[in-house]
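Take a look at the model below.

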Amino acid sequence: MHQFVFAILLLAIGANAAAQSEVEKGRYLAAAGDCVACHTAANGRPFIGGRPFHTPFGTLFSTNITPDKKTGIGNYTLEDFTAAMRRGEGAHGNLYPAMPYTSYYLIPDEDIASLYTYFMQLPAVEYAAPGNDLFFPANLRYGLKLWNWVFFDKAPISQPEGKSPQWLRGNYLVNGLGHCGECHTPRNFAFAMKREEKLSGNILEGWDAVDIRPASLRRQGWDREQLRLLFTTGASERGTALGEMFSVVKHSLSRLSESDINAIITYLLDDSAENNESVAGKLGSPQVAAEQHTQGRADFVAYCAGCHGREGRGVTLSFAPPMDRSAAVRGDSAYNMIAVILRGLPAQRMDRINARAGMPAFHLELDDARVAGLVNFMRTAWGDAEEPVTREEVEEIRRQLREEDYLGAVK
């Protein structure tokens, strides 16, 4: 009798351990998928939704994904959850593709099941997100069936021959679960990703979600160590995480295993034999820059050198990163340089011991011509830009930022 009770006890302990293991796996996958960032409003409770997304068609609000039966997903079966994740089919109709099912369809069954187990054991919170405010005809959900038919490309994940298991894992994390392309891929007129331009960059929430293809990253000077620092701490000598990318680092990338971080980096840099050498272009000349952009040099000394140093070497990553090694300065696009000067940066806090100072906005102090001159000075001094930034380009970016209300308080 005692042996029988002991056997039952062992089975119960084993079942409980298996359930806990499934929950922990789901917790990890939810972090890798950065679910909390989209389904949590500013200063709101995690996963209850209410975060606004401003699109060309109006404003969408993320939904409650706690297991509340009235306002969340408490009535979802595993099949319902799979339909939402893979096909964008929710309990009340088709989901808008702000929910990245256009990438999540690549998540395999076992990972879907673990995510479902995790979400269903969260505390249920009754909270109804605000209603969407979309223009006609985008406010008609049944039109999303047509959108899916035309624009939802369900191509299987690529698995080229000769790639390492680490590269293949990174491919899944970047293109499937991590859905990096949803931000870093340009959109067409219907707001669908341009698959032929995958990961080539996209303007989002007043920032450039930059080109993260291997050649572009290497040309900007990114290597394995600099990417590892960015993904785990939010800052490196090549640059710091801005806007939504900071949230991705804080809530997702910094919580991944070393193995998965390495896999992502392997995929992004494409560590195959033909790509092992850096393709970074030659750096500029501070002396030539000072001669060509006199006002730009003067504005750099007046507005930037106090923190970033007269020679652009910075102070510390937490206070003022270097400009002479910055990927933004070396990049093809000057959008983020212009946006940072105009709108500034908020202070950022990863945790109690990892925080960075903010930067003031200069959109009132510097007109379009002087911003262009300042950017051109830095790109000539420490980059390899072929074409100078024009006053008209700055004027257009300023107009966009003002229309989207990013030139008020630093945010």
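**A walk through the model**

The count comes to 1 cavity of 30 Å³ or more. Here a cavity is a set of points on a 1 Å grid over the protein atoms alone where a 1.4 Å probe fits but cannot get out. This is a predicted model: local features need pLDDT of at least 70, side-chain atom pairs count only at pLDDT 80 or more, and totals for chains, interfaces and linings use all residues. Residues are numbered from 1 along each chain as its sequence is written, and side-chain values use heavy atoms, with hydrogens and water left out.

The largest cavity holds about 60 Å³ of space. Its lining includes W147, F151, F152 and R187. Lining residues have an atom within 4 Å of a point. By class, 7 of them are nonpolar, 1 is polar and 3 are charged.

Next, the strands (DSSP runs of E, at least two residues). Strand β1 covers residues 52-55 and strand β2 covers residues 58-61. They run antiparallel, joined by 4 bridges; pairing takes at least two bridges found by DSSP. P52 has F61 in β2 as its bridge partner. With 2 residues between them, β1 and β2 form a hairpin. β2 also pairs with strand β5 (residues 133-134), again antiparallel, over 2 bridges. There G58 stands opposite L134.

Last comes helix α5, residues 109-120. Helices are DSSP runs of H or I, at least four residues. α5 has 12 residues and reaches 16 Å from first C-alpha to last, close to the 16 Å expected at 1.5 Å a residue. That expected span is 1.5 Å times one less than the number of residues.

Definitions and conventions: On a 1 Å grid over the protein atoms alone, a cavity is a set of points where a 1.4 Å probe fits but cannot get out, and a pocket is an open set with protein on both sides within 12 Å along at least five of seven lines; lining residues have an atom within 4 Å of a point. Grid points are joined across faces, edges and corners, and a volume is the space filled by probe spheres set on the points. Ala, Val, Leu, Ile, Met, Phe, Trp, Tyr, Cys and Pro count as nonpolar, Asp, Glu, Lys and Arg as charged, and the others, Gly among them, as polar.
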